[in-house]
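I opened my notebook to get to know a new structure. Here is the model I worked from.

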Amino acid sequence: MHPNALLELAAELVDSLLLFDAPADQLVSQFFRANKALGPRERHTLAETAYGVLRQRLLFQHLAQSGQGPMARRLAILGWVGNEAFLRGALTEAERHWLQQVQSVDTTQLAPRLRHNLPEWLAEPLQKRLGEQDFWALAQALNSPAPLDLRVNTLKARREDVLSALQAQGLVAEATPHSPWGIRLQGKPALNKVEPFVQGWLEVQDEGSQLLALLLEAKRGEMVVDFCAGAGGKTLALGAAMRNTGRLYAFDVSGHRLDKLKPRLARSGLSNVHPVQLAHERDERVKRLAGKIDRVLVDAPCSGLGTLRRNPDLKWRQSPESVRELQAKQLAILSSAARLLKPGGRLVYATCSLLDDENEGVADAFAQAHPQFQRLDAAEILQRHGQTEAAAAALCEGGQLRLWPHKHHSDGFYAAVWQRA
Ligand SMILES: C[S@@+](CC[C@H](N)C(=O)[O-])C[C@H]1O[C@@H](n2cnc3c(N)ncnc32)[C@H](O)[C@@H]1O
C-alpha cells in the first residue's frame, strides 16, 4: 500500500478511537473488518499507531497544536509505529519540516501531565500512594506495550514440554517468574500458526491473571464458582487446576461474554465447567447454591486501570463517577457471592484496578460487615506454589496480592483471600 494511503487510514482510525464511544479493541476490530484487504503488517502498524496515540494523547495533542492539516493525521504521524522511512514517504515537505521541529522538543521540560499522560483524577491518588519515584516508573510502564503472556493448559501439557515445542518453532519463550503455569513470549507471533497453541496447550493470559486463579487453590472433586467468569480466562485455569473433575460454575450476567467461553472450553478439553447466565448477583440460582460451594472467585467488574498497557483508552473512558459506581457494584457482588460458601470455604476478591477505592476499600468494607470471614495471607499461598518467602512477599502488601506493571511486569492486579469460619 502507498505510504500516504496507510497514513490516511491510521488517521481515520485515530479519529474514530478518540470519540471514545466504544472500547478501542472493538473499534479496531470493526475497522479491520471494514478494510479486509489489509495485510498483517499493515494491521500491526495501524493498531500500534492508534494505541500509541491513546497512550500519549496529552503529549501528542500538545505537540500537534503547531502543525497544519487534520489533527488526526498529525497525531498519527507523532504516534507512528513502523518503518520511519516508509512514514517519510507519506509526508509533505511541510510535514517533514514540522516533524523535525517537534522531535527536537525537550519533553523532559514539559508540564508533568504531558509527561505522565494520565488524567489528573487518576494521577493524583497514584502519586500520593506510590511517591514520586515509583509513580513515574509506573507511568512509564503503563505507557509501554505489554508482553505476550501465555498459560499452559496443564490438563494437556507440561510447561517444560511446551517451552521446548515453542523453542523448536524458533520462538523466544521463557517461563514466567511467578506463575507456575506461565510462559512469556518475545514478539507477537500469529498464534494460530503456533503448533502448541493450535493443540490447545496454551491460552493467552497475563501472568498476574494466572496468579489470581492460583490463589483460589481449587482442588480435584470440589464445587467451585467463578462468579464473574466473563469469557472464562480464569475459569479455564481453575478447571485445569481441578484436573477436569468436580463442578465448576461459570457465572456472569453477560450472555455475550459467556458465549465466548464456549469455544475456549472445547479447545481446552474441559468438561467440568457449567456456564450460567445470571440476571444479577442475587439471582435465584445463586440463592439455591448458598452454603454449598468450596471455593468462590469474584473477579469483579472494575475500571480495568491495571491493564492500561493493553487498553490505554480506559484512562480516558473512566471517571471518578464511574469508579464510585463500580465500587458499590463490587461490594454488592462480593457480599452476594460470599453466601455461596460452605464453612471452611475460600473466597477470593480480585480486580485489575490500581485504585485503593476498588481494592482495599471494597475488601475492608466487606470484611467489616462479614466477621465470619477470616483473612488468609496471599503470600503464604504463593509460597506453596513455588515462590520463595522473599518473592511471595514482594508480590503482596499486607497479606494481599498487589501487582504493579513497573515492579512485576504484569498488568496491575489486586486480590484478597478469606476463609469462611
Ligand atoms: C473482570 S471481568 C471478568 C473477566 C474474567 N474473569 C476473565 O478472567 O476473563 C468482570 C465480569 O463481571 C461481569 N459482571 C458484571 N456484573 C456482574 C454481576 N452482577 N454478577 C456477575 N457478573 C457480573 C461482567 O459481565 C464481566 O464479564
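My entries below cover the ligand, a helix pair and a sheet.

**Ground rules.** This is a predicted model, where local features need pLDDT of at least 70, side-chain atom pairs count only at pLDDT 80 or more, and totals for chains, interfaces and linings use all residues. I number residues from 1 along each chain as its sequence is written.

**Ligand.** I looked up who surrounds the ligand and found 19 residues (C-beta atom, placed from the backbone, within 6 Å). The closest are Cys228, Gly230, Gly233, Ser254 and Asp299. Helix H14 (233-241) and strand S6 (247-252) each supply at least two residues of this shell; helices (H or I, at least four residues) and strands (E, at least two) are DSSP runs, numbered from the N terminus.

**Helix pair.** Next I checked H14 against helix H13 (residues 207-216): they pack at an angle of about 45 degrees, with their axes 9 Å apart. Axes are lines fitted to C-alpha atoms, for helices over the stretch in contact, and angles run from 0 to 180 degrees between N-to-C directions. That makes H13 oblique to H14, since under 35 degrees is roughly parallel, over 145 roughly antiparallel, 65 to 115 roughly perpendicular and the rest oblique.

**Sheet.** Which order do the four strands of the open sheet take? I read S2-S3-S1-S4, with antiparallel pairing; two strands pair if DSSP finds at least two bridges between them. Strands S2 (173-175) and S4 (202-204) stand at the edges, each with a single partner strand, so one side of each lacks a neighbour in the sheet. I also noted four bridges joining S1 (residues 148-152) to S3 (residues 182-185). Asp149 has Arg184 as its bridge partner in S3.
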